[in-house]
Amino acid sequence: MRKILVTGGLGFIGSHTVVELQNEGFEVVIIDDLSNTSIKVLDSITEITGKKPDFHQIDLRIKNDVKTFFDNNKIDGVIHFAAFKAVGESMHKPLDYYENNLSVLVYLLQEMRNRKLNNFIFSSSCTVYGQVDELPITEKAPVKTAESVYGNTKQIGEEILKDASKAHNINSIALRYFNPIGAHESVKIGELPLGVPQNLIPFITQTAAGIRAELSVFGDDYDTNDGTAIRDYIHVVDLAKAHIAALNRLLNKKNKESFEYFNVGTGKGSSVLEIINAFERVNNLKLNYKIVGRREGDITAAFADTTIANKELNWKTEKSLDDALESAWRWQLEQD
Ligand code: WQD
């Protein structure tokens, strides 16, 4: 049975990907430092699949601990989620972000090189495009100067991966996520923001649950139909399945280059007000919100052209926006 290392495997996207890996018959070993999640997620994964993944609490910034892990574990592939991901926070803690999001990537790739390991999937982001000139966004869109340290770590991460893959024959794929939302249908796993949520959907569900007084809509003066910003909201289970598709592409040696990258979204854009209306309709409730000024660094609109990912990964989204918003609410209701 092929053994896959999932770093950050107890996080939001990581945990959903571990479930899909186990469903596909892979043996999974998780490394997580628990800095942005809870060990309870391990039990939740086990309840969903009936198989407990091997788990190691390791701080990947400690280079020697990374080496020791690879000394003791024969790995057939790596899916690397572990990273800091708060756009706003990244502007105040750049060195923490460059250390955690880039030094760790280098340590992992050094082990892959030293042991002639292969198959590396990298968690990237549509953030690398900044505000594009042409929508929908294809993989040919130019990568623009990052508007945040977080976005810069994803751009530099892709460059590191490209150079390492070429020089050391480590086949790799970067998946450029759009906006992951929702929860597994069992609602045993989902998005677990610690502290005040930065992202739209957890803030909406916490407002609906009365944890937050009201949602602030960051700007209604954008050049869009209703003035609010547009994003491509993809169900986290569809996103998890894209990782399995990418891993199988590498394991079956179907990749055309040593380093490839794909846009992983639904191909459809939704404005903030459209999301609010859909959330209210699907869950039969009224949301308390107000329009405020724009958030610094936000772009007007981003949604994916999924043609290449659909074709090359033989993958497409199966869940709807309604599914995602319904599962996000049911997940929120499960929280104590
Ligand atoms: C979505 C829309 C906000 C909160 C970022 C990163 C991306 C990925 C996901 C990590 C925007 C609006 C939000 C709120 C609001 N990060 N909004 N009120 O900024 O598109 O993407 O998070 O994986 O790489 O760039 O996501 O959910 O923060 O915002 O009006 O309280 O909702 O202005 O238009 P974003 P988001």
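**Exercise 1. Find how many cavities of 30 Å³ or more the whole structure holds, and describe the lining of the largest cavity.**

Step 1. Searching the whole structure, which is a predicted model, turns up one cavity of 30 Å³ or more.

Step 2. The volume of the largest cavity is about 50 Å³.

Step 3. Sort the lining of the largest cavity by type: four residues are nonpolar, four are polar and one is charged.

**Exercise 2. Work out how helices α5 and α6 are arranged relative to each other.**

Step 1. Start with the axes: those of α5 (residues 94-114) and α6 come within 10 Å and cross at roughly 15 degrees.

Step 2. Angles under 35 degrees count as roughly parallel, so α5 and α6 are roughly parallel to each other. The crossing of α5 past α6 is right-handed.

Step 3. Check who touches whom. On the α5 side, the contact residues include Tyr97, Asn101 and Leu105, and on the α6 side they include Thr153, Ile156 and Ile160. Of the residues in this contact, 13 are nonpolar, five are polar and one is charged.

**Exercise 3. Describe the second largest pocket.**

Step 1. This pocket holds about 550 Å³ of space.

Step 2. Its lining has 23 residues, with Leu192, Trp331, Glu334, Gln335 and Asp336 nearest the centre. Helices α2 (40-49), α7 (200-208) and α11 (321-334) each contribute two or more lining residues.

Step 3. By type, the lining of the second largest pocket has nine nonpolar, eight polar and six charged residues.

Methods. Residues are numbered from 1 along each chain as its sequence is written. This is a predicted model: local features need pLDDT of at least 70, side-chain atom pairs count only at pLDDT 80 or more; totals for chains, interfaces and linings use all residues. Side-chain values use heavy atoms; hydrogens and water are left out. On a 1 Å grid over the protein atoms alone, a cavity is a set of points where a 1.4 Å probe fits but cannot get out, and a pocket is an open set with protein on both sides within 12 Å along at least five of seven lines; lining residues have an atom within 4 Å of a point. Grid points are joined across faces, edges and corners, and a volume is the space filled by probe spheres set on the points. Helices (H or I, at least four residues) and strands (E, at least two) are DSSP runs, numbered from the N terminus. Ala, Val, Leu, Ile, Met, Phe, Trp, Tyr, Cys and Pro count as nonpolar, Asp, Glu, Lys and Arg as charged, and the others, Gly among them, as polar. Axes are lines fitted to C-alpha atoms, for helices over the stretch in contact, and angles run from 0 to 180 degrees between N-to-C directions. Angles under 35 degrees count as roughly parallel, over 145 as roughly antiparallel, 65 to 115 as roughly perpendicular and the rest as oblique. A crossing is left-handed if the near helix is turned anticlockwise from the far one by less than a right angle, and right-handed if clockwise. Contact means heavy atoms within 4.5 Å.
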